[in-house]
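Open the model in your viewer and have selection by residue number ready. The stops below say what to select and what is there.

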Amino acid sequence: ITIGEIMLLDAETSLIKDGLISKMIVENLPGGEAAVRTHAYDTLDIAKPQPFGLLDATEISRVFGSLYELSNQNDSALLSDLISSLSNTTSITIGQVTDAVSLESIIINSIISENLIPILVLSDIHPDTLEDNETPNTVALTTEIKRPDMIDLFNAFETLGSNVTLSQLETLLGDSLTILDIQTMRTKESKIFEGKVSKIIEDTVTPARIVDEAYVTGDTFGLIEPLEITRLLDALDAFSGGGAVGAASTQLAAGAANLKVGTLETIHGYASLIIRYYISEGLLSFVDSDVNDAAYEANYIGTYYTYDEISYIIDSLKVLSGNDLDQELQTLITNMNPASLEPQMLLELFDETGYSYVMQREVSKVINAIDFAAAFGISIPEASYVGNDSTNIDLKDAELRAIADALDALGVTTLQMDQIDAGSTSLAQIKLAVEADSKLVNRIISKSIVDANLDTVESHIGEADPSVDI
């Protein structure tokens with residue numbers, strides 16, 4: 001019997017006809033009665049002590065309507081062939097299933113669910129889109145995809161191409177799925193696909209790089225915030241120029257430490273929490289992690305920088321590179337030395353309105369490495385350091401600005417402070433330098449005065465190092 005003939009028969013009003021059609025549908029289904037859920041049957045009939053097996057009239061019409069769409073509206077298609085094709089995942093296409101599930105037939109949905117769930121992987125399907133349905137004379141419940149969610153999902157799948165078969169989906173829905181495909185499919189707002197994307201991201205990015213704040217609050221499945229997915233995909237697309245999400249994330253993980261300044265600024269600008277973790281990871285592969293805790297998010301001290309910290313680092317890199325956005329961040333930071341740093345750079349790096357704690361450490365290390373003992377017979381004053389304690393390594397931001405002003409006053413154009421010769425510097429320059437109030441530079445000047453025997457006992461009273469400081 002053809003689909004055209006059975007639809008003409010179904011148009012007739014007859015309880016006997018409905019009974020015969022019900023039996024025919026059930027007998028032709030893969031799995032027979034076991035494939036028909038309780039709510040597909042007529043309510044009054046199923047409630048009888050000995051049900052006949054009459055399907056709900058609306059369900060019968062939906063089954064035939066779905067099969068007619070599956071046949072591409074071919075009246076001559078055999079009913080038995082159409083029903084069996086629903087389970088043939090190697091031949092049935094996304095376009096055919098999209099049309100078939102649009103009528104929300106319970107039976108058709110059950111057949112598609114049975115074949116689709118293994119392809120999607122049950123653990124990758126958001127539980128809100130699943131339901132456990134009863135089958136007559138069977139104790140166990142059957143987990144199936146809810147019909148509205150099935151429709152949304154196939155509307156999303158159809159963007160991959162109507163001729164793609166269900167079996168091909170298993171390969172397509174892995175980390176080879178392109179960023180553009182994901183972005184396009186997400187416009188269909190399928191919760192199942194959103195959950196699948198979350199799992200794809202977890203598999204490619206790895207859960208360790210996904211901070212708790214990236215997930216939907218209270219969602220035990222592990223659904224990533226929609227806005228975070230959007231930002232991540234946009235950033236990966238900008239970074240890689242498209243392609244597969246898996247390849248882009250792998251490329252970023254491998255090259256995060258050597259990002260160009262312009263690329264770093266671009267991907268950071270999307271404000272993705274996951275991208276920020278990649279950036280943090282790259283930086284922490286070559287900078288100290290024990291900087292001021294304020295550089296990090298409160299729950300991720302030592303591993304995950306704040307958005308502002310990375311923004312300040314980018315501003316710093318622009319200063320170091322002379323705004324050359326093609327230079328790499330690791331090279332710029334690790335190549336810093338007294339000869340490459342200028343007083344004006346310090347003023348820009350450590351602006352009073354905000355600065356990078358990472359750069360504070362790196363610049364402090366450059367200054368700490370200068371051999372002041374060999375050059376002047378002095379050490380850096382404790383008061384120059386954060387907490388007035390040299391074990392902190394970091395010089396105070398105010399001290400760094402004061403050093404810059406003092407060096408500028410002395411006419412010193414780099415941070416090569418071991419080359420300062422106060423004895424050949426004019427008194428006017430020394431006066432301006434002292435007024436800058438750098439503890440370090442003032443000690444250098446004080447040592448020159450002491451070495452020239454121009455100091456007095458009274459000039460040392462109350463100073464941190466009475467043997468040197470004036």
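Start with Tyr277, Tyr300 and Tyr304, which ring pairs link into a cluster. Rings of Phe, Tyr and Trp (its six-membered ring) pair here if their centres lie within 6.5 Å; planes under 30 degrees apart count as stacked, over 60 as edge-to-face and the rest as tilted. This is a predicted model, in which local features need pLDDT of at least 70 and side-chain atom pairs count only at pLDDT 80 or more, while totals for chains, interfaces and linings use all residues. Residues are numbered from 1 along each chain as its sequence is written, and side-chain values use heavy atoms, with hydrogens and water left out.

**Aromatic pairs**

The ring rule gives six aromatic pairs. One of them joins tyrosine 300 and tyrosine 304, edge-to-face, with 5.5 Å from centre to centre and 80° between the planes. Both tyrosine 300 and tyrosine 304 are buried; buried means under 20% relative accessible area, exposed over 50%, and partly exposed in between (1.4 Å probe, protein chains only).

Next select tyrosine 355 and tyrosine 357. Their ring centres are 5.4 Å apart and their planes stand at 65°, so this pair is edge-to-face. Tyrosine 355 counts as buried at 14% relative accessibility, whereas tyrosine 357, at 21%, counts as partly exposed.

**Salt bridges**

The whole structure holds 20 salt bridges, each a side-chain nitrogen of Lys or Arg within 4 Å of a carboxyl oxygen of Asp or Glu. Helices named below (H or I, at least four residues) are DSSP runs, as are strands (E, at least two), numbered from the N terminus.

Select arginine 209 and glutamate 281, whose side chains meet in a salt bridge at 2.8 Å, N to O. Arginine 209 sits in the loop between α11 (191-205) and α12 (226-240) and glutamate 281 in helix α15 (residues 273-284), so that the pair links distant parts of the chain, 72 residues apart. Arginine 209 is buried, with a relative accessible area of 15%; glutamate 281 is partly exposed, at 31%.

Move to lysine 318 and glutamate 265, a salt bridge of 2.5 Å, N to O. Lysine 318 belongs to helix α16 (residues 307-321) and glutamate 265 to helix α14 (residues 261-268), so the pair ties together parts 53 residues apart in sequence. Lysine 318 counts as partly exposed at 22% relative accessibility, and glutamate 265 counts as partly exposed at 30%.

Then select aspartate 288 and arginine 361, which form a salt bridge with the closest N and O atoms 3.2 Å apart. Aspartate 288 is in the loop between α15 and α16 and arginine 361 in helix α19 (residues 357-368), 73 residues apart. Which of these is buried? Arginine 361 is buried, with a relative accessible area of 2%, while aspartate 288, at 24%, counts as partly exposed.

**Helix α4**

Select residues 57-70, helix α4. At 1.5 Å a residue its 14 residues should span 20 Å, and the end C-alpha atoms are 20 Å apart, which agrees; the expected span is 1.5 Å times one less than the number of residues. At the start of α4, a side-chain oxygen of aspartate 56 comes to within 3.0 Å of the backbone nitrogen of threonine 58. Just after α4, asparagine 72 has a positive phi of about 60°.

Buried residues of α4 include Ile60, Val63, Phe64, Leu67 and Leu70. What do the buried residues of α4 pack against? They pack against α1 (3-10), α2 (15-28), α5 (79-85), α6 (94-101) and α7 (106-120), where contact means heavy atoms within 4.5 Å.

**The nonpolar core**

A nonpolar core is a set of buried Ala, Val, Leu, Ile, Met, Phe, Trp, Tyr and Cys residues joined through side-chain atoms within 4.5 Å. The largest has 143 residues, of which Phe64, Leu67, Leu116, Ile367 and Met417 touch the most other members. Helix α7 gives the most to this core, with nine residues.

Finish at methionine 417. Leaving aside neighbours within four places in sequence, methionine 417 is in contact with Ile367, Ile370, Phe372, Phe376, Ile403, Leu407, Leu440, Val441 and Ile444.

Note on methods:
Polar contact = N/O pair within 3.5 Å; in protein donor to acceptor, adjacent residues only side chain to side chain.
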